[in-house]
Number of protein chains: 2
Amino acid sequence: MAPTRFDMARIRAAREVIDPLFLDTPQYRCEALEPELRCAVTLKLETANPVRCFKGRGTELVASQLAGPAVCASAGNLGQALAWSARRRGLKVTVVASRSAPAAKLDRIRALGATLELVDGDFDDARERAIALARQYGIRLVEDTLDVETCEGAATIGLELVDSTPAFDAVLIGLGGGAMAAGVGHVLKELAPGVEVICVQPLGAPAMTLSWRERRVVTTEAIDTIADGVAGRCPLPVALDDLLHVVDDAVLVEEASIVAGMRLLFEQAGLVVEPSAALGVAAILEDPARFAGRHVATIVCGGNVDPDAYRRWTA
Amino acid sequence: MAPTRFDMARIRAAREVIDPLFLDTPQYRCEALEPELRCAVTLKLETANPVRCFKGRGTELVASQLAGPAVCASAGNLGQALAWSARRRGLKVTVVASRSAPAAKLDRIRALGATLELVDGDFDDARERAIALARQYGIRLVEDTLDVETCEGAATIGLELVDSTPAFDAVLIGLGGGAMAAGVGHVLKELAPGVEVICVQPLGAPAMTLSWRERRVVTTEAIDTIADGVAGRCPLPVALDDLLHVVDDAVLVEEASIVAGMRLLFEQAGLVVEPSAALGVAAILEDPARFAGRHVATIVCGGNVDPDAYRRWTA
């Protein structure tokens, strides 16, 4: 088996720790999307829970092992999920986020009782500040993707995906830091090795995809995408290693395709999704010939959007 | 126990017949709604499945007992669900609907392979035509609410609701013909008799609520509501009998409150819902003092909307 950091027994055991609210999420073929996408499409819906994204799977696992306060950097979703999981266990959490993160995400982090610290810059700036805070106060630093629990929590999505009937040929996974792609990819390579694992990242935030293609860490200078949930400049070497073992392809998509994907998911599937959650549909829209006649699954990984931005995108 | 037409053993057995796609739907407390609604709110989400509404629970049960073709009248959702369940079993279905039903619903009925016949007038006109077709061709007439399976299928929602932790004090159920309200109400009165069962209907389509209040069938002349899924003029006597046994209150809400409820569910919960699915939230918005400090569950029963109408409502 692929020598990632992950372990199938631990991933299966994670299901016992994660609040059932985050497990066994809706998974169904959405035929209304198919005339436009020209392939069979199964949606895995991670938005119908209290934090409107898949991150609760990982933070439940992380928080179950916490004994005291913690700090994390977040693009907005991890912070919500960690705040939710920590509050449930009476633990204190500080979330560091970019001032430019969607207001809806920042508001929910505060509402869930976390201390929110905003920094200028982007996610990687927030990450540096979180590392400094953890050192300064001697508290646990929760690092998305670096902490194996964040990946193995996300990997439980894979356990559910492989139960799909009929089985699908390919899975499209939004790619940011790599926790979801690596975790889910690991499970698929173990249990359904015939499924093509394809990561999708915005052209405007391509660092991990470029790294995967060159098989070495490539960092980028700037980010230019509405897909705030996957916007990083500095891939982690361990995450890249994992991805190199379990991912078959990594593609980049245009902003216009992400918007078109969001609009299609609204109009044909009745789903409010954030830009990162439309990456899979965007990839099909950009390369229909690749997927024509195949059965493709895509993980609708989050639905935290600012309503006004969403109205503009899907108008 | 309340002498309705329903049976708990049959309702429990229904879970074995219904495609798991329609069961164990997301059920979670949605705190983001609570500042505006001033009570704890648990959402039961019936929109994340191939027919984007709860009706699959009933049509799965109906179709499992069909041996040949069938016809039904539908406001749009039952027709989709019956078409889905029948296609899966290789059965032919004719759906009669009003020409004024949402185009999105009618398109999906056709796409699912049913024969669609449109009539002038409203749901009750479609119902007369379906009855005539069944007689003329000697095929099985599937009647929403009248057929006990449509109610007992919907009642499986109740089995899932009572597993809510913490338990809620009241449940708000959109009221049309009464299948969902009677079925879910029956289960709650059996298993959680302390829960207040409240039906919510639009002021512009109040026939069943007026009937419930007067304890006799009251029909109305016309319908004036955007909540197409619950718009009927001619309550069925047996449905009223059931409701009289299991419902604690029935309230009517303004159109503006339904729109406000849809907008709130979009902005704070990230959910695309059809007007009928916002009735519960509308009822809280209209009478916040009644629910203040309580824990209320509401069934988000469908999400089939015409995108353009939805954009107008939630702009």
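Modeller: Chain A's secondary structure comes to 14 helices and ten strands, where helices (H or I, at least four residues) and strands (E, at least two) are DSSP runs numbered from the N terminus. Keep in mind that this is a predicted model, in which local features need pLDDT of at least 70, side-chain atom pairs count only at pLDDT 80 or more, and totals for chains, interfaces and linings use all residues. Residues are numbered from 1 along each chain as its sequence is written, chains are lettered from A and ligands numbered from 1 in the order in which they are written, and side-chain values use heavy atoms, with hydrogens and water left out.

On to the overall build. Along the principal axes, the C-alpha atoms of chain A fill a box of roughly 55 × 45 × 40 Å. Of the 315 residues in chain A, 66% are buried (under 20% relative accessible area with a 1.4 Å probe, protein chains only; exposed is over 50%, partly exposed in between). Take the contacts in chain A with a separation of 6 or more: 73% of them come from residues 24 or more positions apart, a contact being heavy atoms within 4.5 Å.

As for charge, chain A carries 32 positive and 42 negative side chains, with the centres of the two sets 4 Å apart. Lys and Arg count as positive and Asp and Glu as negative, leaving out His and the chain ends; each charge is placed at NZ of Lys, CZ of Arg, CG of Asp or CD of Glu.

Now for the partner. Chain A and chain B each put 29 residues into the contact. Together they bury about 2200 Å², with 56% of it on carbon and sulfur atoms; buried area is the accessible area (1.4 Å probe) that two parts lose on being put together, summed over both. A:Glu31, A:Phe266 and A:Arg311 supply 24% of what chain A buries against chain B, more than any other three residues.

Most residues other than glycine have a negative phi. A:Thr145, though, has a positive phi, near 80 degrees. A:Thr145 sits in the loop between strand E6 (140-142) and helix H7 (148-161) of chain A, and is buried, at 4% relative accessible area.
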